[in-house]
Amino acid sequence: MRQAAARLDRLIDSTCELVAGILVLIEIVILFAGVISRYLLNSPLDWSGELGEVLFLWLLSLGAVIALRRSEHMRMTVIVTRLRPGTRSVLGRLSALVTSVFTGVLVVSGISYMGQQQAITMPTLGIPGSWEI
């Protein structure tokens, strides 16, 4: 059971990193095409900025997941490194619990907000606003 969980963990980790890498490449291509189209061809791609914003929000979320999984997310390392190992362990577990509860609250309220945004469409792409969430 533990090996299966470890394999699933590695799969989730590599999938998040792969999707984030692909999104970075797509973001670069879309924004570069928008800049070239606007400033060199004098014919702006109206949808490029809007799509870039949506992709950036997804990239931001995936980046937070990757940083949290690597234990590289923002934290008070100056204070944590000065604590005793036992205290550090307790605070690490408390931090994981707070993060889990906060994530749960965000997911529950996000589902409600996503339902509200479903009725709003993006001006140039014509897709529902819930895709940004």
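The expected span of a helix is 1.5 Å times one less than its number of residues, and helices here are DSSP runs (H or I, at least four residues) numbered from the N terminus. This is a predicted model, where local features need pLDDT of at least 70, side-chain atom pairs count only at pLDDT 80 or more, and totals for chains, interfaces and linings use all residues. Residues are numbered from 1 along each chain as its sequence is written, and side-chain values use heavy atoms, with hydrogens and water left out.

**View 1. Helix 1 from end to end.** With 39 residues, helix 1 reaches 56 Å from its first C-alpha to its last, close to the 57 Å expected at 1.5 Å a residue.

**View 2. The buried residues of helix 1.** Take a look at Cys-16, Ala-20, Leu-23, Glu-27, Ile-30, Gly-34 and Ser-37: they are buried in helix 1 (under 20% relative accessible area, 1.4 Å probe, protein chains only). Helix 2 is part of what covers the buried residues of helix 1.

**View 3. The largest nonpolar core.** Eight residues make up this core, among them Cys-16, Leu-23, Ile-30 and Leu-55; such a core is a set of buried Ala, Val, Leu, Ile, Met, Phe, Trp, Tyr and Cys residues joined through side-chain atoms within 4.5 Å.

**View 4. Around Ala-20.** Setting aside neighbours within four places in sequence, Ala-20 is in contact (heavy atoms within 4.5 Å) with Leu-59, Leu-62 and Ile-66.

Methods
Buried < 20%, exposed > 50% of the residue type's maximum accessible area, 1.4 Å probe, protein only. Helix = DSSP H or I, 4+ residues; strand = E, 2+ residues; numbered from the N terminus.
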